[in-house]
Amino acid sequence: MAVPETDRDLVWLRQCLQVAVGLELSTIPPYLCGWWSIHDRGSQAARLVRRVVGDEMHHLGVVCNLLVAVGARPLIQQAAMSYPGRLPGGVHPGVTVYLSGLTKPLVHDVMMAIEAPDKPLARAVNASPSIGDFYSAVLAAFHRTRPRLTATGQLAERVGSDVLTPVATLADVERAIAVVKEQGEGTASSPDDAFGDDHPAHYYAFGEIYHERRLRRVGRTWEFTGPAIPFPSARPMARVPAGGWPHPAAPVRRLLEHFDENYHAVLHHLQNAWDHGDRRALNAAVHAMRG
């Protein structure tokens, strides 16, 4: 983002899309940890988190397709961040992303902080670059460079409630980036406008969990004063320290190693999926994640 706009060429665009791979991937583990910890997966809060996780998986697929479209390949395994850590690309530089069970600090300091819009409708303005700012710069670079786009190697698949489709034209690029921005931030006019569905954008969905109230319009403003959303009971998964848990007991160590093996498999299959345009590898990644 520090590069002058006049110097944002195709090389810059590819570099930014690789950063976007890391940015989207970085959100999925903390969101999943919060979701996994909830006792009642049928609760309204659990359903809100699970929907956002599905959207983020779709966003990861979108940016991988965009990178393939401009003649590169996503480096997914290298993009996986260590937790706790900062978001890639200078986005929200004051935010520390960590793994823990669902707590109010996780919802407020990680989930809402990651998704915070540049011009929110229900909070004070934050001057640091948002995810929306980042993607606006990426879209502007597409318009400036007008790269030749290829659909070869891109993937088409249903991901959660969304459908991942190849990007072949600049209009496709515009729509793909609009989906990512609006699902995360909402539009400038309404947090309910999350690309045509009937759910609030991610920042406001997490806000509903944190405030334990649905967002509703009051006159010209939006407030968390709607029907109650009880904060869910969650398993006491503590905040994972840097480097992981030291000296775990043998049964715990085996579980941690099994988890690590599964996560490695997820990243390995995702890499294969976009290295070879292989839908079967993408499905294998989803299967490994469910493990």
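**Exposure and helix packing**

Mentor: His 287 is exposed, with a relative accessible area of 63%; buried means under 20% relative accessible area, exposed over 50%, and partly exposed in between, with a 1.4 Å probe and protein chains only. This is a predicted model, in which local features need pLDDT of at least 70 and side-chain atom pairs count only at pLDDT 80 or more, while totals for chains, interfaces and linings use all residues. Residues are numbered from 1 along each chain as its sequence is written, and side-chain values use heavy atoms, with hydrogens and water left out.

Trainee: Where is the place of His 287, and which UniProt annotation covers His 287?

Mentor: His 287 is in helix α9; helices are DSSP runs of H or I with at least four residues, and strands are runs of E with at least two, numbered from the N terminus. An unreviewed UniProt entry annotates His 287 as "modified residue: Phosphohistidine". Such annotations may be inferred rather than shown by experiment. The unreviewed entry also lists "domain: HPt" for residues 248–291, a span that is 89% helix and 0% strand.

Trainee: At what angle do the axes of α8 and α9 cross?

Mentor: Axes are lines fitted to C-alpha atoms, for helices over the stretch in contact, and angles run from 0 to 180 degrees between N-to-C directions. Here α8 (residues 250–276) and α9 (residues 279–290) cross at roughly 165°, and their axes come within 7 Å. The two helices are therefore roughly antiparallel; angles under 35 degrees count as roughly parallel, over 145 as roughly antiparallel, 65 to 115 as roughly perpendicular and the rest as oblique.

Trainee: Which residues meet between α8 and α9?

Mentor: Contact means heavy atoms within 4.5 Å. Among them are Ala 265, Val 266 and Leu 270 in α8, and Ala 281, Leu 282 and Met 289 in α9. The residues of this contact divide into 11 nonpolar, 3 polar and no charged; Ala, Val, Leu, Ile, Met, Phe, Trp, Tyr, Cys and Pro count as nonpolar, Asp, Glu, Lys and Arg as charged, and the others, Gly among them, as polar.

Trainee: Is Ser 43 buried or exposed?

Mentor: Ser 43 is buried, with a relative accessible area of 15%. Its place is in the loop between α1 (10–37) and α2 (44–69). Not counting residues up to four places away in sequence, Ser 43 touches Ile 38 and Pro 232.
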